[in-house]
Amino acid sequence: LLANTSISSVQKSYYQARAYLLSGENQLAISMLESQLAQAKSDEKFRALLAGLYQKEGLYAQAITAYRNLLQEFIPQPAYWLGFALSLDAQGQSQTAIFAYQKLLEFDALEAQVVS
């Protein structure tokens with residue numbers, strides 16, 4: 001797949017980052033995604049993966065910014081509100097985190113990954 005020249009550099013970076021993630025090389029995945037971030041402005045799954053990696057790696061300030069941008073630029077998803085809330089909470093921004101948790105509770109159905 002990565003050798004396929006018919007896919008964009010953004011898509012190649014996304015799939016390479018996923019491969020790094022699967023092999024536990026999260027910092028390489030983050031670097032790969034960050035290198036294509038300007039070109040991936042409209043790619044929601046690309047940006048969501050990067051936000052999730054920031055949160056997973058404890059890069060909470062970057063995660064807050066990434067999740068805030070996802071919530072503003074795309075249709076808000078429960079996973080985005082949860083990542084935003086958890087990152088805010090980790091940064092000691094409890095009042096804003098409470099707001100984010102409350103927004104999460106407004107969804108009728110939560111994805112399995114959000115519930116667990």
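**View 1. Helix 2 meets helix 3 in this predicted model.** From helix 2, Asn 26, Ala 29, Ile 30, Leu 33 and Glu 34 touch Phe 46, Leu 49, Leu 50, Leu 53, Tyr 54 and Lys 56 of helix 3. Sorted by class, the residues of this contact are eight nonpolar, one polar and two charged. Helix 2 covers residues 26-35, and its axis lies 10 Å from that of helix 3, at an angle of about 140°. Because of that angle, helix 2 counts as oblique to helix 3. Which hand does the crossing of helix 2 and helix 3 have? The crossing of these two helices is left-handed.

**View 2. Helix 1 packs with helix 2.** Here we stay with helix 2 and turn to another partner. Helix 1 spans residues 9-22, and the axes of helix 1 and helix 2 are 7 Å apart. The angle between them is about 170°, so helix 1 is roughly antiparallel to helix 2. On the helix 1 side, look for Ser 13, Tyr 14, Gln 16, Ala 17, Tyr 20 and Leu 21. They meet Asn 26, Leu 28, Ala 29, Met 32 and Leu 33 of helix 2. How many of the residues in this contact are charged? There are no charged ones; eight are nonpolar and three are polar.

**View 3. Helix 4 packs with helix 5.** Helix 5 is made of residues 78-90, and its axis is 9 Å from that of helix 4. The two helices pack at about 150°, which means that helix 4 is roughly antiparallel to helix 5. Their crossing is left-handed. Helix 4 brings Tyr 60, Ala 63, Ile 64, Tyr 67, Arg 68, Leu 70 and Leu 71 to the contact. Helix 5 answers with Ala 79, Tyr 80, Trp 81, Gly 83, Phe 84, Ser 87, Leu 88 and Ala 90. By class, 12 residues of this contact are nonpolar, two are polar and one is charged.

**View 4. The second largest pocket has a lining to which helix 3 and helix 4 contribute.** Helix 3 (44-56) and helix 4 (60-73) each give at least two residues to this lining. How much space lies in the second largest pocket? The answer is about 170 Å³. To find the pocket, trace its lining: Leu 37, Ala 38, Lys 41, Arg 47, Leu 50, Ala 51, Tyr 54, Gln 62, Thr 65, Ala 66 and Asn 69. Six of these lining residues are nonpolar, three are polar and two are charged.

Methods
Residues are numbered from 1 along each chain as its sequence is written. This is a predicted model: local features need pLDDT of at least 70, side-chain atom pairs count only at pLDDT 80 or more; totals for chains, interfaces and linings use all residues. Side-chain values use heavy atoms; hydrogens and water are left out. On a 1 Å grid over the protein atoms alone, a cavity is a set of points where a 1.4 Å probe fits but cannot get out, and a pocket is an open set with protein on both sides within 12 Å along at least five of seven lines; lining residues have an atom within 4 Å of a point. Grid points are joined across faces, edges and corners, and a volume is the space filled by probe spheres set on the points. Helices (H or I, at least four residues) and strands (E, at least two) are DSSP runs, numbered from the N terminus. Ala, Val, Leu, Ile, Met, Phe, Trp, Tyr, Cys and Pro count as nonpolar, Asp, Glu, Lys and Arg as charged, and the others, Gly among them, as polar. Axes are lines fitted to C-alpha atoms, for helices over the stretch in contact, and angles run from 0 to 180 degrees between N-to-C directions. Angles under 35 degrees count as roughly parallel, over 145 as roughly antiparallel, 65 to 115 as roughly perpendicular and the rest as oblique. A crossing is left-handed if the near helix is turned anticlockwise from the far one by less than a right angle, and right-handed if clockwise. Contact means heavy atoms within 4.5 Å.
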